[in-house]
Amino acid sequence: MSSDFALNIDQVAKTYHLYDTPKDRLKQILSRGKRQYYREYQALKPLSFTLPKGEVLGVVGRNGAGKSTLLQLICGTLTPSSGHIQVQGRIAALLELGAGFNPQFTGRENIYLSASIMGISRQEIDAKVEGIIDFAGVRNFIDQPVSTYSSGMYVRLAFSVATSVEPDILIIDEALSVGDGDFARRSFERIMTMKDKGATIIFCSHSLYQIEVLCSQAIWIERGQLVKMGEPATLISEYQNFLDLLSSHPDATPADVLQPKVTEAETERSLPQGEYARIVKVEAHTPHAKGERLDIISSQTDLTLDISFVSTLKNEIPQVAIAIHNAAGQLISSAGAWTSGIKPTVNSEGQGKLTLTLPALPLLQGTYYVGVLLFCERGVFLHDEADPVVTLDVTQTNHERGIVMLPHHWQVTTPKDRIKIDAAVTKRQPTNRWLTRPADAEDLEQLKSVYRNAFEQELNEEVWRWKYRHTDSPGFVVQEGEQIVAFCGGAPRKGLVKGLSATFCQIGDVMVDTHQRGILTKTGPFYRCVYPFMGETIGEGHVMTFAFGFPNYRHLRVGERHRLYAKFDRILEAEWPPKNGAYLYTAWHGETELGDKIDQLWQRMRTHLNDYLVGLHDQAWLRYRYLEKPHDQYLVNIVSLPSAPNAPIGVIVLKDHPDAKQMELLDFISEPQHSLHLIRAAQHMVAERQRQRLYAWLTPNVYTWLTETDGYTQETDIVIPGNGLDNPEHTAIAINRWWLMGGDSDFR
């Protein structure tokens with residue numbers, strides 16, 4: 001036998017002994033073979049085949065046909081009743097995911113347990129364990145017992161272990177698409193990468209489309225017997241014909257499809273008689289290439305899909321749709337033929353075909369997956385699905401960010417001096433009493449007076465200029481004659497919306513002269529400055545996409561009453577006791593070399609924040625916020641473990657309040673697995689200064705990283721407001737998704 005084979009199956013069979021009662025099993029043992037108290041069930045009849053190295057073998061067959069028995073025999077979890085199995089190379093199997101896990105062991109301990117069962121040395125798994133944890137996405141829980149895991153976490157970790165050991169032979173039993181949409185696609189990509197590297201793969205699935213696309217050979221098993229081995233496209237077609245025939249002829253056998261009768265009448269009966277609809281073939285191409293993976297230039301390349309299907313439905317013709325997902329599993333767009341008024345047709349043999357063209361595909365840079373779906377005429381019941389049929393690698397020639405390039409047209413217009421107030425205001429109050437306009441530098445002296453009147457304290461000019469240094473105008477003012485009577489402003493903040501670059505607005509300094517009558521009504525100066533600021537500068541389509549602030553609930557209610565503000569999130573106060581520990585601190589005073597380390601820590605942290613709205617925490621932000629703010633002192637420290645002094649794990653920013661004998665945690669930068677150490681490092685600094693407690697303002701999303709610390713939280717009356725005038729579908733992105741701490745405000 002050549003050494004080029006990965007697997008050789010020689011007349012392998014598996015027979016089970018079935019006993020009616022437990023005592024029959026005992027009788028069989030005592031009879032020593034003289035009598036038979038069992039019935040034989042032949043799960044797998046003798047079969048033989050050889051699989052060369054680097055091949056991908058698809059296994060098809062109905063439930064109970066013997067597919068899983070065959071795979072377990074190959075893995076060695078079952079012993080054949082007869083025949084021989086020769087395997088060359090290391091096997092990793094995804095039969096029953098997580099079957100080798102001990103529920104009482106932690107995720108990390110189960111990684112080593114599973115790897116040892118596969119014959120992997122501890123040194124080898126030591127080098128891979130961090131990658132396994134990251135791919136599974138369970139780092140926050142990796143040291144918890146797997147009995148506490150959700151089913152999705154359990155499956156993801158098992159899959160990550162099985163596919164990270166670089167096996168020579170990978171066996172997959174109905175486990176290709178595991179977990180949520182994002183993980184399912186990443187798992188598919190990992191298996192495709194293993195295929196490209198030459199691994200031998202045995203793939204058992206009811207998804208015939210995936211068998212045909214993924215595999216180079218296929219076998220069909222029926223009632224424990226090998227029916228056929230051959231080229232996937234032909235074998236899948238014959239197997240599908242057999243399944244269709246069963247719907248009208250339950251006693252049909254594979255021979256009825258593989259060996260049709262010669263008479264015309266018998267040939268007609270051998271064809272599928274049931275009602276079904278299925279996708280037969282999808283070809284994707286651009287003007288320059290075709291295939292299962294295509295290169296696309298954003299807004300330039302046309303994509304065409306030729307979709308073939310077959311239907312024997314008597315009373316309807318199926319409808320066709322496509323769906324496009326990004327690499328994270330998010331649905332980007334869909335297109336149903338029926339929404340364009342297109343109704344497919346079929347010929348006398350039930351064959352139909354549609355061609356869909358997506359001209360100048362407007363997707364921005366990234367990886368996308370296109371799937372094809374076959375629906376009933378109403379677009380509700382799904383007859384068949386092929387997903388993905390093509391993977392798109394999109395590049396672009398500009399620096400636009402987002403998902404799609406929307407058709408648009410820019411036009412330069414001359415700014416008007418007045419901002420249009422809504423109709424309800426203009427009808428109830430003459431607009432010539434108050435003038436609303438953008439604020440400018442000449443307004444500062446009058447704003448000092450309004451600030452003193454509204455807040456009963458002096459406006460600090462240095463802090464004001466620091467706060468609004470990154471904007472041409474801090475907000476909008478309302479004038480009565482020449483006198484400014486109200487102001488609403490906000491400072492821009494660079495950030496991320498679910499991993500994509502964005503600019504936020506921190507709302508602040510909303511103030512109205514208390515001598516004005518009706519200041520909080522919908523006709524008064526409060527509304528007249530807040531309305532244009534929120535409506536003209538913040539929200540979907542504006543430079544600043546989302547707003548946040550830190551008012552108490554009573555102040556929020558004023559804006560909510562006029563539907564100017566909306567509650568997006570809330571603030572908790574977390575508290576920790578002082579505690580001694582062993583950590584290394586390096587104070588940062590703006591040095592570039594240390595700043596580069598902060599940027600590296602932030603880049604690692606941001607990969608874990610793709611579910612949130614979060615401000616940037618790079619060195620530029622920390623320098624502006626904590627080193628350059630006038631009249632405040634902050635402690636910015638880079639933290640390392642004594643065991644690795646040259647490998648910082650994060651940054652903490654503290655503010656000392658000696659009169660109150662407490663310290664405030666304003667900010668931290670770290671990956672989730674190091675957040676516990678950062679809190680302990682901060683607790684150590686509190687103990688060193690003999691303060692009584694450490695506390696922090698934070699949104700609930702931040703505290704999810706800190707649940708393993710010895711702190712506790714309590715509700716505050718501080719809320720996170722947003723723009724109540726924005727598109728509700730747009731604002732929904734931000735509801736309960738903010739990642740904010742005290743350092744994101746300007747007054748802490």
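These legends walk through several close-up views of a predicted model.

**Figure 1. The whole protein, to get your bearings.**
The secondary structure amounts to 20 helices and 31 strands. Along its principal axes, the C-alpha trace spans about 105 × 65 × 50 Å. Take the contacts between residues at least 6 apart in sequence: 71% of them join residues at least 24 apart.

**Figure 2. Helices H4 and H5 packing against each other.**
Here we look at H4, residues 122-136, and H5, residues 151-164. Two packed helices are described by the angle between their axes and the distance between the axes. For this pair the angle is about 140° and the axes are 8 Å apart, so H4 and H5 are oblique to each other. The crossing of H4 past H5 is right-handed. On the H4 side, the contact is made by Lys128, Gly131, Ile132, Phe135 and Ala136. H5 contributes Arg156, Leu157, Phe159, Ser160, Val161 and Ser164. Sorted by class, this contact has 6 nonpolar, 3 polar and 2 charged residues.

**Figure 3. Asparagine 140, in the loop between H4 and H5.**
Staying with the two helices of the previous view, we now turn to the loop between H4 and H5, where asparagine 140 is found. With a relative accessible area of 31%, asparagine 140 is partly exposed. Not counting residues up to four places away in sequence, asparagine 140 touches Pro672, Trp705 and Glu708. Proline 630 makes a handy landmark: its C-alpha atom is separated by 38 Å from that of asparagine 140, and the two residues are 490 residues apart along the chain.

**Figure 4. A stacked pair of rings, tryptophan 466 and tyrosine 624.**
The model's aromatic pairs number 22 in the count. In this one, the ring centres of tryptophan 466 and tyrosine 624 are 4.9 Å apart and the planes are at 15°, so the pair is stacked. Tryptophan 466 belongs to helix H13 (residues 461-467) and tyrosine 624 to helix H17 (residues 619-627), so the pair ties together parts that are 158 residues apart in sequence. Both tryptophan 466 and tyrosine 624 are buried.

**Figure 5. An edge-to-face pair, tryptophan 705 and tryptophan 739.**
The rings of tryptophan 705 and tryptophan 739 have centres 4.7 Å apart and planes at 70°, so this pair is edge-to-face. Tryptophan 705 sits in the loop between helix H19 (700-703) and strand E30 (712-723), while tryptophan 739 is in strand E31 (residues 738-739), so the pair ties together parts that are 34 residues apart in sequence. Tryptophan 705 counts as buried at 8% relative accessibility, and tryptophan 739 counts as buried at 1%.

**Figure 6. A cluster of aromatic rings.**
Which residues do ring pairs link into a cluster? They are Phe504, Phe548, Phe550, Trp697, Trp738 and Phe747.

Our last stop is strand E26 (residues 635-640), the place of asparagine 637. Is asparagine 637 buried or exposed? Its relative accessible area is 7%, so asparagine 637 is buried. Leaving aside neighbours within four places in sequence, asparagine 637 is in contact with Tyr585, Thr586, Ala587, Gly650, Val651, Ile652 and Met685.

Conventions: Residues are numbered from 1 along each chain as its sequence is written. This is a predicted model: local features need pLDDT of at least 70, side-chain atom pairs count only at pLDDT 80 or more; totals for chains, interfaces and linings use all residues. Side-chain values use heavy atoms; hydrogens and water are left out. Axes are lines fitted to C-alpha atoms, for helices over the stretch in contact, and angles run from 0 to 180 degrees between N-to-C directions. Helices (H or I, at least four residues) and strands (E, at least two) are DSSP runs, numbered from the N terminus. Angles under 35 degrees count as roughly parallel, over 145 as roughly antiparallel, 65 to 115 as roughly perpendicular and the rest as oblique. A crossing is left-handed if the near helix is turned anticlockwise from the far one by less than a right angle, and right-handed if clockwise. Contact means heavy atoms within 4.5 Å. Ala, Val, Leu, Ile, Met, Phe, Trp, Tyr, Cys and Pro count as nonpolar, Asp, Glu, Lys and Arg as charged, and the others, Gly among them, as polar. Rings of Phe, Tyr and Trp (its six-membered ring) pair if their centres lie within 6.5 Å; planes under 30 degrees apart count as stacked, over 60 as edge-to-face and the rest as tilted. Buried means under 20% relative accessible area, exposed over 50%, partly exposed in between (1.4 Å probe, protein chains only).
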